[in-house]
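The stops below are given in the order in which they may be selected.

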Amino acid sequence: MPVMPRPSILSVEPYVGGESKVPGVNRIVKLSSNEGPFGPPPAAVAAITEAAKEANRYPDGGATAIREAIGKHHGLDPNRIVVGNGSDELLALLILAYGGEGTEIVMSAHGFLMYELTGRWAGCSVLKVPEKDLQADIDGIIAACGPRTRLVILANPNNPTGALLPQAEVDRLRAGLREDILLVLDSAYAEYVTDPDYDAGAKLVDAGTNTVMTRTFSKVWGLGGMRLGWLYGPPAVVDVLNRVRSPFNVSSTAQAAGIAALSEPGWVEKNVAHNREWVGKMTEGLTKLGLKVHPSHANFLLVDFGSPEASKAADAHLRSRGLIVRGVTVYGLPSCLRITIGTAEECGMVLDALADLRNG
Ligand SMILES: *Cc1c(COP(=O)(O)O)cnc(C)c1O
């Protein structure tokens, strides 16, 4: 008999991240993982270099300074913040701690794939609720919850659709869920949202004992390679995560990078202004080419090419010019590609390439 993992593990497909290489092409423009276009914040690079000098020391396991910096920046109690090795780690810990064999996770049909992968790893059944016009269906999610449901996980804005659920709908979701269901609001793209009614999750966290918000330094903050995410939650959930996380789950360089990034003047403003400009220009340009662009509230566009064949052809054409975007067939969207907003030059390259393809 060979050694075997728990049976549910083998139902999990390995996560395939955005690609970064095309054979035979020298200049690669990576627009497949929603990374910020301007590199890391300079202050973070300096802090990483400085922290490297003490890399022989274990990091602060309590992550006190970074939690205090996050708390100060967002007006939140540091004691109710937990940092993780990316928000992916925190999502996984939540699923393992509150889910597990015999339980169920409910998510939206085109929600972030990691919820499903980790859910299966944990042995949960994962229920995906159909969407209406690529928008999460709140009544559907509430109705789908059964006696075994322990977690409902919702990304808002959502990846890969870019859709934003109105705040009233998020509130209605929480109000419609049983008290013993943990609502996880994944707000990885919160900084990009311009809707004045939007709340990234802190209000609902504060209003009860069964909602958490996850955030990340990987997108607008330009620190995907550092692996730094955080969670704001009720004291009991924070206590659970501090029991199950590994004692040194966030490296000293990541902690230093996060603190420095938060002090970088104008960083978010600059990124958000650039993003707003190019979401607009790209949406307009691609729409003029006859493509359907879903309204985006994040730093990427979901572009519908009309058929899986046309989407594949566009992907191959972009790739031949070194432009790597993301196919989203695994998200049940085979006619679409997800394109990250890059620099002005990179956006121009995408528009030119697709114009050449469409105009023969
Ligand atoms: C990118 C992304 C994350 C993961 O972020 P990390 O902090 O890098 O692990 C989580 N949720 C969504 C919806 C994302 O798009």
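Helices (H or I, at least four residues) and strands (E, at least two) are DSSP runs, numbered from the N terminus. The peptide bond from N156 to P157 is cis, with omega near -5°. N159 and P160 are joined by a cis peptide bond, with omega about 15°.

This is a predicted model, in which local features need pLDDT of at least 70 and side-chain atom pairs count only at pLDDT 80 or more, while totals for chains, interfaces and linings use all residues. Residues are numbered from 1 along each chain as its sequence is written, and side-chain values use heavy atoms, with hydrogens and water left out.

**Backbone angles**

Select D133, in the loop between β4 (125-129) and α5 (138-144). Its phi is near 50°, a positive value in a residue other than glycine. D133 counts as exposed, at 79% relative accessibility; buried means under 20% relative accessible area, exposed over 50%, and partly exposed in between (1.4 Å probe, protein chains only). Then move to R227, in the loop between β7 and β8. R227 likewise is not a glycine and has a positive phi, near 60°; its relative accessible area of 28% makes R227 partly exposed. For context, most residues other than glycine have a negative phi, and most peptide bonds are trans.

**Helix α3**

Select residues 87-98, which form helix α3. From first C-alpha to last, its 12 residues reach 16 Å, close to the 16 Å expected at 1.5 Å a residue; the expected span is 1.5 Å times one less than the number of residues. Buried residues in α3 include S87, E89, L90 and L91. After α3 comes G100, with a positive phi near 105°.

**The ligand**

Display the ligand and the 13 residues around it, among which D186, Y189, T216, S218 and K219 come nearest; a residue counts as near if one of its heavy atoms lies within 4 Å. A polar side-chain atom of D186 lies 2.5 Å from a nitrogen atom of the ligand. Oxygen atoms of the ligand lie 2.6 Å from a polar side-chain atom of Y189 and 2.6 Å from one of S218. The ligand taken alone exposes 390 Å², of which the protein buries 94%; these areas come from the Shrake-Rupley method with a 1.4 Å probe.

**The nonpolar cores**

Which residues touch the most other members of the largest nonpolar core? Select I70, V83, M213, F217, W221, W230 and Y232, out of 36 residues in that core. A nonpolar core is a set of buried Ala, Val, Leu, Ile, Met, Phe, Trp, Tyr and Cys residues joined through side-chain atoms within 4.5 Å. Leaving aside neighbours within four places in sequence, M213 is in contact (heavy atoms within 4.5 Å) with residues including L76, L185, W230 and Y232. A second, separate core of 31 residues includes L117, A122, C124 and L231.

Select T214, in strand β7 (residues 211-216). T214 is buried, at 0% relative accessibility, and residues beyond four places in sequence that T214 touches include S87, L91, D186 and L231. Finally, select H294, in the loop between β9 (292-293) and β10 (300-304). H294 is buried, with a relative accessible area of 11%; not counting residues up to four places away in sequence, H294 touches L134, T161, L302 and D304.

Note on methods
A polar contact is a pair of N or O atoms within 3.5 Å; within protein, one must be able to donate a hydrogen and the other to accept it, and residues adjacent in sequence count only if both atoms are side-chain atoms.
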